[in-house]
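Here are my notes on the model, point by point. Please read them with the structure open.

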Amino acid sequence: MKKHLAGFALYNLIVIVTVAAYAYFAGVPAYLQPEPTSCWTHLQNADKPLTFEVLGVQYDLDRKILLSRITVRWNGFGAPPRSLYVTHRTGTVEGPANTRYSSDNIVRAAFQGDRFAIIELETELEAMPLDPSANYYSEFAVSHMPNLRHGAAVAFSEPSQVLFSHGSRSMK
Amino acid sequence: MKSSASIQVRAIAYVAFAAVMITGCGDTNMRESASNSNATVRLPGTANASANMAMDARLAPVALETDAHGGQLGKAGDRYAEITENPFLETLRAPLSTFSIDVDTASYANVRRFITDGQLPPKDAVRIEEMINYFDYEYPQPMGDVPFSVMTETASCPWNSQHQILKIGLQGKKVSLEQTPTANLVFLLDVSGSMNSPDKLPLLKSGLTMMVDQLKPNDRIAIVVYAGSSGLVLPSTPVSRKGDIIAALSGLEAGGSTNGGQGIELAYTVAANNFIPGGNNRVILATDGDFNVGAKSDDALVDLIEAKRKSGVFLSVLGFGRGNLNDSMMEKLSNKGNGHYAYIDSSDEARRALGTQVAGTLYTIAKDVKIQVEFNPAKVAGYRLIGYENRMLATEDFEDDKKDAGEIGAGHSVTALYEIVPAGVKVDNAGIELKYSEVREPKGAFTNEMATVKLRYKEPDQEVSKLLTIGVPDGSTDIEAASPNMKLAASVAQFGLLLRDSRYKGQAAFPSAASLARMAMGGDVQGSRGELLNLVERASKLTRNGRG
């Protein structure tokens with residue numbers, strides 16, 4: 001009887017050790033792993049206190065104004081900042097020759113107590129209007145500190161396409 | 001203490017995992033099981049039917065019932081216009097692609113009805129653009145005074161590894177019904193004998209009652225019916241007298257043969273007599289499409305609707321029922337009437353088209369919306385527009401404001417997909433060698449751009465179009481890394497190519513379409529993406545079982 005019990009215990013031990021070794025080396029299959037939660041995302045972004053996504057950029061040819069809409073999320077510890085600094089550069093795919101740089105736009109009270117905000121900007125390009133025969137792309141930098149201070153390198157986003165609204169110049 | 005508990009939990013998990021492994025439930029089965037458990041779907045007419053297992057269990061009797069009817073569905077009286085798919089075009093020979101937008105969604109609901117009934121739809125019932133446009137993509141809202149936003153995305157093509165897909169998405173401005181102009185609506189309802197079926201007149205009455213519930217008190221509704229003869233059931237009545245409108249709807253009964261032509265004329269007369277300048281003046285035709293019109297031919301009917309559209313009265317069409325559906329006629333009428341064509345196959349669909357999306361059904365934010373894409377031959381050897389076959393326009397039509405095109409309703413999204421052959425890859429059915437002229441080489445400017453997308457639209461009350469342009473940079477991502485919207489559109493397109501047994505389907509396969517639909521699930525608040533996944537899986541089984 002003791003031999004049977006010992007054999008059964010040994011069998012169980014072998015099974016458990018085999019399974020544990022498999023799980024350790026192979027890891028838990030990806031589809032059984034939980035989806036990253038917002039909390040995890042928050043921790044991942046701890047080194048990026050501010051993240052943003054450009055929802056759209058549009059140029060009004062009549063008014064010579066660049067409109068942009070950006071979602072911003074505050075991932076940092078503590079309350080969101082009172083002011084945000086947004087700058088952008090807008091050009092064609094042909095290189096920097098046609099690029100327009102904006103100064104820092106200061107957006108005050110963007111978050112209004114929340115950790116998420118949608119900001120909309122209007123930038124006048126009266127002095128250097130965009131050429132309607134070309135396509136333009138805008139890159140943005142959003143920070144809780146001035147972007148252009150001390151001439152430091154600004155981390156711009158990936159380029160976003162600019163939708164040209166030709167308005168009164170729609171017809172040839 | 002805490003770590004010991006953690007070890008215990010892990011040990012139990014390992015033992016459980018071992019049990020699963022030992023009982024032979026392999027990786028693949030578990031994967032399917034895990035995905036199935038997420039797939040809670042809402043089939044038409046059912047409340048939260050969950051999981052494929054339950055659906056599969058119901059599939060057999062539904063299929064048998066359909067067979068017992070002798071293949072009436074789709075084969076008996078339903079009429080579909082023949083679709084000749086757009087071919088691949090070489091960019092050097094045809095750099096411009098021009099078409100009108102289409103916000104109709106009827107084809108998807110109709111395809112769903114077939115598959116739910118255990119039958120594959122006829123090829124010509126599958127209009128891929130309407131299937132793609134059935135889904136809500138929630139693209140970002142427009143800015144400034146432009147009524148819709150425009151965005152593009154490029155990714156690898158799931159059914160041809162050498163190709164790419166270019167997605168062009170438009171999102172109409174959302175408008176609450178309170179903000180819409182006062183409506184002067186005339187319900188033109190088919191009460192002929194063919195409407196005497198639970199999925200026709202009763203569904204029509206409940207759907208329109210839902211719509212009435214959402215309208216403003218000062219909106220007006222009249223009801224015209226047609227069968228053997230046409231008649232005014234309810235003169236134009238403000239929605240503040242909702243009881244009278246609902247009583248009139250409730251009292252409708254089916255009987256007699258159809259004379260749609262007379263009914264349409266009467267409906268337009270009622271609409272004209274109560275015309276609201278600057279308002280939303282619209283006839284809403286609800287029918288199974290059995291237009292056995294007397295003196296009026298189809299062409300005369302279409303001419304009448306075009307003439308009335310120019311007078312400011314638009315036409316929307318709601319299709320009902322099966323076996324007698326004149327799908328091609330209804331699509332044509334709504335196109336000519338500046339309206340939207342929806343197919344109502346269930347109370348869920350009625351709730352969607354006439355409830356949650358009623359603002360889009362009723363309120364046009366931009367009309368005559370045309371798209372023209374100029375491809376860069378330095379980056380694109382060839383292209384093919386997927387769907388929109390009956391919306392193609394000549395190049396010069398883009399600039400011609402007299403040329404009619406599609407409308408976009410409040411909150412509607414429109415998506416168009418191009419299959420792109422990158423430069424350096426051979427184009428399927430490339431053009432033949434030219435004897436008298438040479439194909440022009442690219443200019444060499446803007447070499448990092450794939451294309452420029454141009455759009456023209458008119459404000460609902462204007463006759464002069466406005467122009468929008470946007471560039472598409474070169475480069476695409478892998479479809480697996482693309483946005484959920486791109487995956488969804490690619491899944492639906494692939495599903496449509498398979499249902500059509502398209503000559504352009506390449507390596508398209510139901511498991512690939514299902515996999516993309518699963519990856520595009522996201523929040524899926526409306527349940528429509530889960531429903532797509534189940535339809536793809538059911539269609540795959542029907543194909544294997546040979547139920548064409």
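Which residues have the most contacts inside the largest nonpolar core?

1. Ground rules. This is a predicted model: local features need pLDDT of at least 70, side-chain atom pairs count only at pLDDT 80 or more, and totals for chains, interfaces and linings use all residues. Residues are numbered from 1 along each chain as its sequence is written, with chains lettered from A and ligands numbered from 1 in the order in which they are written.

2. The core. The largest nonpolar core has 162 residues. Val186(B), Phe187(B), Leu188(B), Val224(B), Ala267(B), Val283(B) and Val536(B) have the most contacts inside it. Helix α13 (residues 484-499) of chain B gives the most to this core: ten residues. A nonpolar core here is a set of buried Ala, Val, Leu, Ile, Met, Phe, Trp, Tyr and Cys residues joined through C-beta atoms within 7 Å. A residue is buried if 20 or more other C-beta atoms lie within 10 Å of its own, with C-beta atoms placed from the backbone. Helices (H or I, at least four residues) and strands (E, at least two) are DSSP runs, numbered from the N terminus.

3. Leu188(B). Set aside its neighbours within four places in sequence. Leu188(B) is then in contact with Val224(B), Tyr226(B), Gly263(B), Ile264(B), Ala267(B), Val283(B), Ile284(B) and Leu285(B). Contact means C-beta atoms, placed from the backbone, within 7 Å.

4. α13(B) against α15(B). The axes of α13(B) and helix α15 (residues 528-545) of chain B come within 11 Å and cross at roughly 30 degrees. That makes the two helices roughly parallel (angles under 35 degrees). Axes are lines fitted to C-alpha atoms, for helices over the stretch in contact, and angles run from 0 to 180 degrees between N-to-C directions. Leu488(B), Ser491(B), Val492(B), Phe495(B) and Leu499(B) in α13(B) meet Arg529(B), Leu532(B), Val536(B) and Ala539(B) in α15(B).

5. α6(B) against α7(B). Helix α6 (residues 201-214) and helix α7 (residues 242-250), both of chain B, have axes that come within 10 Å and cross at roughly 170 degrees. They are therefore roughly antiparallel (angles over 145 degrees). From α6(B), Lys205(B), Leu208(B), Thr209(B) and Val212(B) meet Lys242(B), Ile245(B), Ile246(B), Leu249(B) and Ser250(B) in α7(B).

6. Chain A. Chain A has two helices and eight strands. Along the sequence the pattern is α-α-β-β-β-β-β-β-β-β. Of its 172 residues, 24% count as buried. Among contacts in chain A with a separation of 6 or more, 65% join residues 24 or more positions apart.

Terms used. A residue is buried if 20 or more other C-beta atoms lie within 10 Å of its own, exposed if 12 or fewer, and partly exposed in between; C-beta atoms are placed from the backbone. Two residues are in contact if their C-beta atoms, placed from the backbone, lie within 7 Å. Angles under 35 degrees count as roughly parallel, over 145 as roughly antiparallel, 65 to 115 as roughly perpendicular and the rest as oblique.
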